[in-house]
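Here is a note for a colleague who has not seen this structure before.

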Amino acid sequence: MIPLRKLAGLPGPQRLRKAANIAVGAQRQLAVSGRLEAAEAEYLGALAALLAKDEGVSPAQAVALEAAAAALAAREASASAPGKETRRALAILCHILLSGTGRHQADWDFTEPSGALDPSKRRPFPGMRVYLEDIRSPFNVGAMFRAAESFGAEKLWLSPLCADPRHKRAQRTAMGCVDVLPWERFSHDPFAEGQPWPCPEPEAGPFFTLETGGTPLACFPFPPRGILIAGSEELGVSPRALEAADSSLGRVTIPAFGAKGSLNVSVAFGIVMQAWAAALTKPPGLRYP
């Protein structure tokens with residue numbers, strides 16, 4: 001790593017770029033190895049303290065950098081593996097440096113390791129199943145896998161046109177859930193005329209869909225067994241799938257009160273999955289407001 005004295009003598013923009021590369025490299029290495037060597041922590045702490053005095057940082061950033069420097073210095077004196085405070089300090093350092101260079105971390109840049117998930121710890125609800133129809137964004141597919149697994153889905157099906165769950169961006173947002181949640185991609189549209197539900201399930205449905213114009217979330221009678229259909233980001237659920245849901249359990253709608261009036265599909269999906277899980281686990285006789 002570049003000596004701090006030399007780094008301090010560089011022009012401001014160049015100093016920030018080099019410091020950002022150093023900090024991001026350390027964060028990625030920490031994610032891979034799970035360790036931060038004492039000398040490296042000491043260097044990063046001194047780097048944060050140096051940058052706290054930079055004329056280009058705001059007062060709030062200076063305070064955050066000083067706190068990060070203290071946390072990294074504390075790690076330098078410890079023989080244990082870095083904990084949350086050290087990781088947070090390094091993340092803050094990276095965020096401030098990247099912002100100062102005009103770069104920003106996207107979701108797929110975050111390097112906190114997820115670790116291998118233990119399938120034996122899953123407690124799925126028998127019969128809680130999901131069908132993703134033409135979700136095109138790998139980020140959304142990964143996020144929906146994560147929500148489905150987290151809230152107890154038993155199985156997930158993908159339409160032929162869904163983005164690949166094995167895409168690196170989907171894998172990053174799924175955080176290992178693609179490997180523990182059973183899933184299958186259909187080779188054709190299961191709602192096309194004359195097509196049976198193409199899987200060895202004892203029965204298809206009942207179906208309900210996340211769509212506008214339906215029963216408000218708080219009033220929807222979530223079934224103990226069923227298949228939730230979530231449609232594409234732009235067009236929503238297809239007319240054929242919507243017809244199948246309307247003739248079965250219907251539509252669940254999330255009321256919105258903002259100017260936009262809509263949510264990202266993965267966010268809306270997560271809200272509905274949590275509500276479904278809550279309905280299946282609520283004590284008898286409990287009513288939601």
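1. A contact here means heavy atoms within 4.5 Å. Leu156 touches Val130, Leu132, Phe145, Ala148, Leu181, Pro182, Trp183 and Glu184, leaving aside residues up to four places away in sequence.

2. This is a predicted model, in which local features need pLDDT of at least 70 and side-chain atom pairs count only at pLDDT 80 or more, while totals for chains, interfaces and linings use all residues. Residues are numbered from 1 along each chain as its sequence is written, and side-chain values use heavy atoms, with hydrogens and water left out.

3. The protein has 9 helices and 6 strands (DSSP runs numbered from the N terminus: helices are H or I with at least four residues, strands are E with at least two). Of its 289 residues, 43% count as buried (buried is under 20% relative accessible area, exposed over 50%, partly exposed in between, with a 1.4 Å probe and protein chains only).

4. A nonpolar core is a set of buried Ala, Val, Leu, Ile, Met, Phe, Trp, Tyr and Cys residues joined through side-chain atoms within 4.5 Å. The largest has 34 residues, and Leu156 is among those that touch the most other members, as are Phe145 and Phe269. Elements giving two or more residues to this core include β1 (128-132), α6 (138-150) and β2 (155-158). Helix α9 gives the most, with 8 residues. A second, separate core of 33 residues includes Ile2, Ala23, Leu30 and Ala62.

5. Lys155, in strand β2, is buried at 17% relative accessible area. Its side chain makes a polar contact with that of Glu184 at 3.2 Å (a pair of N or O atoms within 3.5 Å; within protein, one must be able to donate a hydrogen and the other to accept it, and residues adjacent in sequence count only if both atoms are side-chain atoms).

6. A salt bridge is a side-chain nitrogen of Lys or Arg within 4 Å of a carboxyl oxygen of Asp or Glu. The count comes to 8. In one of them, the closest N and O atoms of Asp54 and Arg15 are 2.6 Å apart. Asp54 lies in the loop between α3 (38-52) and α4 (59-76) and Arg15 in helix α2 (residues 12-33), so the pair ties together parts 39 residues apart in sequence. Asp54 is buried at 15%, and Arg15 at 13%.

7. Arg122 and Glu149 also form a salt bridge, at 3.0 Å between the closest N and O atoms. Both residues are buried.
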